[in-house]
Amino acid sequence: MPPSIKAIREKINQNDFELSKHAVDQSIIRNIPIAEIIEAIQRGEIIEDYYADDKYGASCLIAGFTIRDRPVHIQCSYPSRPLVKIITIYQPNSDFWNKNFTQRKN
């Protein structure tokens, strides 16, 4: 069973995380500051799991909202390594996700 959101939050709280170059680029392009990424993880939930055979290794997609109620999706590695790696971040499109941004529309 993959680690819980609690384990990921603990790593984030301890500042044991890093952003991939792609995540840094996306945070700049999409104007999503680190503070909002952290807020969304702290207030979010895991909505999809990607296993070791995924091109990024074992990771998950977290859907969360910032304090200002901005929806954010964060793909990050599971906390099996010293640092959680944030792979990508984006603001989900309501055309493709339900109203809570937790399930893909068919």
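Where is the place of His-73? His-73 sits in strand E4, residues 71–77; strands (E, at least two residues) are DSSP runs, numbered from the N terminus.

A quick word on what we are looking at, everyone. This is a predicted model, where local features need pLDDT of at least 70 and side-chain atom pairs count only at pLDDT 80 or more, while totals for chains, interfaces and linings use all residues. Residues are numbered from 1 along each chain as its sequence is written, and side-chain values use heavy atoms, leaving out hydrogens and water.

Back to His-73, then. Its relative accessible area is 0%, so His-73 is buried, a word that stands for under 20% relative accessible area with a 1.4 Å probe, protein chains only. Its contacts (heavy atoms within 4.5 Å), not counting residues up to four places away in sequence, include Ile-47, Leu-61, Tyr-90 and Trp-97. Leu-61 is twelve residues apart from His-73 along the chain, and their C-alpha atoms are separated by 6.6 Å. Phe-101 also touches His-73, and the backbone oxygen of Phe-101 lies 2.7 Å from a polar atom of the His-73 side chain.

Now please look at the neighbouring strands. E4 and E5 form a hairpin, with six residues between them. They pair in the antiparallel sense over four bridges; pairing requires at least two bridges found by DSSP. Within that pair, Cys-76 stands opposite Ile-86 of E5.

E5 has another partner to show you: strand E1, residues 17–19, pairs with E5 in the parallel sense over three bridges. There, Phe-17 has Val-84 as its bridge partner.

And why is E5 largely enclosed by the rest of the structure? Because six of the seven residues of E5, residues 84–90, are buried.

Key: Buried < 20%, exposed > 50% of the residue type's maximum accessible area, 1.4 Å probe, protein only. Polar contact = N/O pair within 3.5 Å; in protein donor to acceptor, adjacent residues only side chain to side chain.
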